[in-house]
Amino acid sequence: MFDKILIANRGEIACRVIKSARKMGIKTVAVYSDADRDSLHVDLADERVHIGASASAESYLVMDRIIQACKDTGAQAVHPGYGFLSENKAFQAALDKEGIAFIGPGNRAIEAMGDKIESKKLAAEAKVSTVPGYMGVIKDAEEAVKIAKDIGFPVMIKASAGGGGKGMRVAYTEEEARDGFVSATNEAKSSFGDDRVFVEKFIEEPRHIEIQILADGETCLYVGERECSIQRRHQKVIEEAPSPFLTPEVRKAMGEQAVALAKAVDYKSAGTVEFIVDANRNFYFLEMNTRLQVEHPVTEMITGLDLVEWMIKIAAGRKLTLTQDDIKLSGWSLECRIYAEDPYRGFLPSIGRLTRFIPPEEVEGQVRVDTGVEDGGEISMYYDPMIAKLITHGKDRNEAIARMREALDAFYIRGVSHNIPFLASLLSKERFVEGRLTTNFIAEEYADGFHAADLPAEDPTILIAAVACVHRKQVQRESLISGQIAGHEKKARNDWVVRLGDTNHPVMILPTDTGHDVTVDGKTVSVAHAWRFGDPLFKAVIDGRPVVVQIDREGVGYRLFHAGTQDHALVLTETAAKYAALMPKKEAPDMSKFLLSPMPGLLVSLAVEEGQEVKAGERLAVIEAMKMENVLKAERDGTVLKIHAAPGDSLSVDQKIIEFED
Amino acid sequence: MHEIIRQLDEKRAAARLGGGQRRIDAQHAKGKLTARERIDLLLDPGSFEEWDMFVEHRCVEFGMADSKIPSDGVVTGHGTINGRLVFLFSQDFTVLGGSLSETHAAKICKIMDQAMKVGAPVIGLNDSGGARIQEGVDSLAGYAEVFQRNVLASGVIPQVSLIMGPCAGGAVYSPAMTDFIFMVEDSSYMFVTGPDVVKTVTHEQVTAEELGGAITHTSKSGVADLSFENDVVALLQLRRFMDFLPANNKQKPPVRPTDHAWDSYDMSLDNLIPNNPNMPYDMKELILKIVDEGDFFEVAPKFAANIITGLARMEGRTIGIVANQPMVLAGCLDIDSARKAARFVRFCDAFNIPLLTLVDVPGFMPGTSQEYGGIIKHGAKLLYAYAEATVPKVTLITRKAYGGAYDVMSSKHLRGDFNYAWPTAEIAVMGPKGAVEIIFRQDLDNAEKIAERTEEYRRLFANPFVAGSRGFIDEVILPHGTRKRVNRAFAILRDKALENPWRKHGNIPL
């Protein structure tokens with residue numbers, strides 16, 4: 001076995017690999033760029049080597065520096081993680097030349113699977129089913145119909161030069177194939193000046209399901225599947241294992257084909273064979289990933305295997321001690337990717353300091369958090385904006401979902417925007433709960449983006465009870481302040497009005513041995529909690545149901561975060577509530593005629609002057625944030641009324657830059 | 001007997017109606033509460049005792065003899081906020097526009113006198129159209145009587161003003177002499193001369209809101225310390241604020257129990273300071289992470305934001321915080337920030353509130369506007385305030401402490417009790433680049449040499465150890481243990497005794 005390995009990666013995956021290596025008694029070497037000087041993976045490793053500037057092209061992608069780091073530290077093997085150099089055959093070859101082991105498959109597998117056409121060819125040879133289609137030029141409608149019949153309906157007729165949905169037709173019948181050929185050809189000619197079209201099987205309600213394999217060069221096992229259909233613009237968001245869609249028979253068939261393909265390229269390590277699966281559970285090979293996948297933890301959770309440990313062992317020449325029969329899938333596991341992005345602003349990446357980062361508590365076999373950041377860490381513009389992967393496990397899918405919801409409620413992140421509201425919304429969709437997934441799920445369910453209204457209406461009792469308990473403790477404490485008139489001290493009252501948003505809810509709150517009893521709308525709930533002043537999380541059992549609400553004090557009010565929603569609450573006496581209702585509602589000013597700074601940064605230049613007319617798409621200003629220049633363009637035609645900032649100004653987020661005429 | 005009691009009830013009910021239901025409705029329509037409703041919210045329920053409910057004005061001119069309303073436009077009395085005594089007055093806009101008459105002023109003076117005798121804070125809820133013009137000089141005399149009392153009470157009992165409507169002309173000078181001015185957004189304004197006079201005299205067109213609204217005074221003029229969205233929030237925030245203050249200058253600030261462990265570590269502070277010395281970071285994050293429960297009552301957040309001032313608690317005891325803010329103007333000292341901080345330091349010192357100073361200051365702001373504006377005298381105010389203060393003073397240098405600004409920011413030399421530095425501190429006359437360009441002026445055209453010298457200077461001086469070797473820094477501490485160190489320092493200093501030499505008063509550079 002190796003004594004020391006180097007991890008040619010950063011972030012959560014570097015930390016993940018270090019964890020397994022440490023468990024195996026192997027020393028670890030981290031490499032890091034300028035931006036990662038203070039990162040968690042650097043702190044966790046036994047040794048650390050600086051390998052260059054922040055941009056990955058100048059650090060994590062520079063093979064020579066990584067190989068030099070291996071030599072300098074005496075690392076005998078390199079784990080590449082995912083991304084960066086993980087599927088780079090030249091890197092594997094270079095390491096090989098230096099006698100350093102690559103913790104991953106051999107050169108041939110990387111090369112063959114790295115090529116889309118060759119991998120499909122190999123797959124076909126290995127009797128792996130691929131998407132049926134005819135790549136040749138079709139001369140007329142009748143030939144198109146014949147080919148369509150051979151493939152089997154429905155089919156997709158696509159322009160060879162196509163893109164953007166132009167020149168694409170779906171045909172379910174011969175008639176439609178005939179018409180589709182004609183219209184697709186015409187459209188292709190007018191749009192692209194190229195009327196060639198081809199035909200392939202149209203996959204209805206496609207699902208992305210992938211098979212994990214583990215091979216030592218002799219034995220090759222399939223370790224169950226993962227379903228990754230919940231994707232936003234081809235970026236996976238939620239993954240799970242097993243798939244709610246597969247039958248044992250289909251799983252076995254897919255597994256065996258994956259193994260056949262792996263064997264065809266002498267695969268030796270952990271790898272993933274991706275399939276697209278249609279509504280009738282027909283599956284077709286997409287591609288093979290010759291590395292560890294981001295979503296590998298869900299497989300680990302349901303199999304109890306440590307895939308990284310096996311990758312290291314296999315790279316060191318050990319053989320698998322498992323047989324296919326040893327692979328048992330137990331329970332259900334879900335993974336949510338927590339990204340630093342603002343789901344309310346078109347998922348704009350959000351970078352900066354995590355002023356507070358408190359992940360939910362890990363519970364063996366139930367909740368797992370894979371992350372590369374810590375409290376006070378930085379989400380840098382240079383790399384993927386993933387903050388963490390939150391993984392839960394349950395005896396069945398519903399339990400795994402319930403645990404995920406609770407864990408998301410407890411995930412306390414401040415300083416950068418994150419997609420937890422979006423994840424909470426996804427988990428609450430009936431279609432998700434029923435497991436009716438397709439890769440179009442997000443595009444269909446959030447056709448015009450994500451909005452607060454996409455969050456389910458929750459029973460307000462939880463929020464009311466939580467904030468009432470916190471306030472009652474606050475009032476109790478206020479009654480203990482020193483300097484009161486002796487003998488005339490304050491008594492804490494029990495009757496309050498919780499003003500949640502604009503709605504008043506009268507409550508009665510009585511302290512009990514285990515927390516408080518809260519009466520809302522004539523119904524009393526018992527709230528067991530041990531909340532202490534300063535705790536960001538209000539963890540309670542409300543009438544037997546575990547609940548976590550994030551409570552931030554905001555002046556005299558409270559901001560509550562629960563199930564993806566955000567609410568403001570004031571707890572008032574009856575009199576104060578009556579007066580609060582008299583207060584004018586202040587509308588947020590209309591900001592649509594302003595160009596606002598989308599991020600904190602430096603105003604580098606302004607491209608317009610007062611009185612100037614601008615057209616939609618015209619360049620208005622350049623803002624530098626974190627050394628990156630961002631060009632702000634006009635959203636629509638208009639005339640510049642007033643300029644509110646000058647080049648060289650430091651802008652805060654939402655600061656006015658330009659005002660347009662109405 | 002019962003009949004007499006009934007008569008009293010009726011008299012009280014009539015007085016409580018102030019200017020009558022129609023005017024009360026008009027007040028509500030403006031989004032404002034009435035004088036008595038405001039008191040209901042501010043004080044503990046049932047604790048208010050109204051004084052001088054039956055006072056009426058004595059003016060007979062201009063038909064005033066017929067428009068007498070009990071209370072005469074101001075409700076005065078005492079009550080408690082979380083069990084602690086306060087005296088207060090609340091001007092009643094529904095009665096003759098809350099205008100100040102001789103008797104109205106006398107009522108205010110009466111509660112101020114009583115507050116001084118028992119040593120309790122005075123709170124003013126201002127909502128007044130101005131002087132009762134019908135009374136002429138009697139009204140002016142009334143103002144002056146109040147001013148005189150404001151001055152004598154200054155530094156003896158806390159005085160807080162909450163402007164909840166108009167406050168114009170001479171009337172502004174009473175709040176101006178209190179310790180803090182809070183305002184309600186969109187419904188209050190303060191100015192010495194109103195928009196009409198301004199237009200006549202200077203031909204400037206300006207609205208009351210632009211001239212003296214909450215935004216103007218909390219961000220441009222610095223006259224007001226805070227503003228709140230409406231009456232309810234403002235009054236609840238005022239309750240929260242009063243919980244920090246001692247009743248008078250002979251008492252220590254109140255103590256409130258806390259669950260927050262005094263010695264808890266916060267590892268996230270170990271990477272608060274960016275690797276690049278020119279990158280800003282948010283000093284408020286440090287404040288929120290070291291004070292009890294992250295509960296910080298910031299004062300004047302929008303004015304001179306390059307310095308942060310506010311109240312918080314450590315181990316349940318009130319402290320005042322002054323901190324440079326690297327996010328704004330790199331945290332440098334200028335006229336506005338020096339004035340803002342100086343006044344805050346003097347308030348804390350007057351009322352026995354220990355001071356925590358967090359330093360990251362690159363120096364004083366250069367430029368003609370600063371010099372012409374008198375930065376020398378204004379900067380001196382902060383220096384004076386720190387040097388004069390005898391309360392416990394704990395200072396922490398997080399990063400830069402350059403030049404004269406280092407001296408000013410509660411340095412050891414100004415009787416700092418505990419002067420800590422993080423290992424990232426740089427205590428020097430100036431930054432490495434500027435220093436080298438002066439010391440090695442002859443090498444200016446040799447970039448290589450300059451770079452070498454800069455590095456040398458950085459190595460020698462850009463750290464806390466030179467100051468440490470002189471004893472100007474008592475201890476270099478790790479960021480994550482800041483709360484523990486600061487808490488212990490203040491605990492040790494609880495019985496600090498230090499007095500300045502006797503004098504009539506010092507002569508602060510005004």
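This is a predicted model: local features need pLDDT of at least 70, side-chain atom pairs count only at pLDDT 80 or more; totals for chains, interfaces and linings use all residues.
Residues are numbered from 1 along each chain as its sequence is written, chains are lettered from A and ligands numbered from 1 in the order in which they are written, and side-chain values use heavy atoms, without hydrogens and water.

**Overall form of chain B**
- The C-alpha atoms of chain B fill a box of roughly 95 × 55 × 45 Å along the principal axes.
- Chain B has 19 helices and 17 strands. These are DSSP runs numbered from the N terminus: helices are H or I with at least four residues, strands are E with at least two.

**Inside chain B**
- Of the 510 residues in chain B, 56% are buried (under 20% relative accessible area, 1.4 Å probe, protein chains only).
- Among contacts in chain B with a separation of 6 or more, 73% join residues 24 or more positions apart. Contact means heavy atoms within 4.5 Å.

**Where chains A and B meet**
- Chain A brings 33 residues to the contact, and chain B brings 39 residues.
- Together the two chains bury about 3300 Å², with 57% of it on carbon and sulfur atoms. Buried area is the accessible area (1.4 Å probe) that two parts lose on being put together, summed over both.
- A:Ile481, A:Tyr579 and A:Met583 supply 18% of the area that chain A buries against chain B, more than any other three residues.

How values were computed:
Buried means under 20% relative accessible area, exposed over 50%, partly exposed in between (1.4 Å probe, protein chains only).
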